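Have a look around first, then we'll work through some questions.

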Amino acid sequence: MSPRFSPSGRRAWVSAAAGAALVLAAGLVVSLWPGGSYPAMKAGCDRSELFVAGGTDVSLKNQRRALIRQWNEGRYPGGRQHPHATLVEVSESTDLQHSQIKAVEESGSCAYDVLIMDNTWTAQFADGGYLRPLDGIENLDDFFPAALRTGKRDGELYAVPFNVDVGLLYYREGVTPPAVWPGLLSSDVATQLADYEGLTVNALEAVWNDGGSGRLTGEDRPSEDDLRTRVYPALARLAARAHGSLAASRQYGELESIEAFASGTKLMRNWPYAFSALASEPRMRDGTRLRFGVTALPGHTVLGGQNLAVSKNSPNPDAAADLVAYLSGTNSQRLLFACGGFAPGRYSALGLSPGHGSPADVKVRTCSSLTGQPLGPGETDVPDEAQLTQLGHAVLTALGRAEPRPVTPHYTTFTSTFRGCVQKIFDGAGTDAASFAEAVERSLDGRTASC
């Protein structure tokens, strides 16, 4: 696909030699130690610098990196300089981010202080002893409750939202977005059905909106009967679409979907960050007017997003917690939304307050008004205030319909098994309802299974 949607910062980077050494050492330990656990790494722990591990920064204008720079330039209220922080971009792939960060934490390494985690990792990382409980984060009630719950395990708070993700429906100018789920699947729509976490997300949304509501979400475990009679039939119906209106989407991840939409596909299911990517694309603009709109998906959507946590092995846990509080604070969340295109985790970042969170009340500011940096001659904010308001309205509406993926310390086993089964159902590879139900039920317990 065209590289025009690959942000300039999609190459992983480490801005300090010490950080590079720590990451290299962690990688060598992981690759050279064959056992199920790794010996603790002691070298490099006597340091004041903070290392933040996460995925590649795909925010517009690399806003995550900008927030780290602002932290480095800032001071505590008493005037003391913040400890320097370095962003370690592990991988573009969520699956690879998980495996690499987990391996480093499992080894007992002190390589990372703050972890940017997919919100499905909390149960596994908390149960594994990789995280410190978070204390002292202010205004917890300002976080969207469903997003905050993804950072809790057994009543303890281990992580707070950095950004939330919900499925949104993008539509080209002149196209009326379908109001019901069947109308979406029968339309000219680009979605994400390639073999990665996006397939799990899209398949779960199809299940929840086609007879399987309440199954495979949160901590409730579906029975094998539910998996046979509610979940499998919905996936079988999705398979028919995968050979028809959704055939092209079997090759799509998020970026491929964006390119297909910009190239003429009428509708697209994608995350909030796609809005800013499209708004800055010349094909999707007519001057300051956008040639597309966005709304919430019809029906239920997956509650995605990334959380911030402090590594149990951080040599600077107090400073790491301060950095988590800074990155999850209202000002950072506003910048991440207006300048970076990532949906925030706090009401206040959208001009709202707890208990007063109607989508119609969203109030946002443009990137330039938040940063105070004047625009150059002929430049305009992209997106502008009205466009950001439309995005905020769509996000908040979708949040009201969002459901978490299964909460289990064995989520990686589940998602690998589930999407493998979905692919076989798509391919007509002989997977029946009973074998599907048995495999998924086993995977939720962390047992190896396949359809």
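Q: How many cavities of 30 Å³ or more does a search of the whole structure find?
A: Keep in mind that this is a predicted model, where local features need pLDDT of at least 70, side-chain atom pairs count only at pLDDT 80 or more, and totals for chains, interfaces and linings use all residues. Residues are numbered from 1 along each chain as its sequence is written, and side-chain values use heavy atoms, with hydrogens and water left out. A cavity here is a set of points, on a 1 Å grid over the protein atoms alone, where a 1.4 Å probe fits but cannot get out. Searching the whole structure for those of 30 Å³ or more turns up three.

Q: Which element gives the most to the lining of the largest cavity?
A: This cavity has a volume of about 110 Å³, counted as the space filled by probe spheres set on the points. Its lining (residues with an atom within 4 Å of a point) has 13 residues, with Trp181, Leu185, Thr191, Asn202 and Leu246 nearest the centre. Two helices (DSSP runs of H or I, at least four residues) give two or more residues each, α6 (181-185) and α7 (197-208). The top contributor, with four residues, is α7.

Q: Which element gives the most to the lining of the second largest cavity?
A: About 40 Å³ of space lies in there. Two strands (DSSP runs of E, at least two residues), β7 (159-166) and β14 (301-311), each supply at least two lining residues. With five residues, the biggest giver is β14.

Notes:
On a 1 Å grid over the protein atoms alone, a cavity is a set of points where a 1.4 Å probe fits but cannot get out, and a pocket is an open set with protein on both sides within 12 Å along at least five of seven lines; lining residues have an atom within 4 Å of a point.
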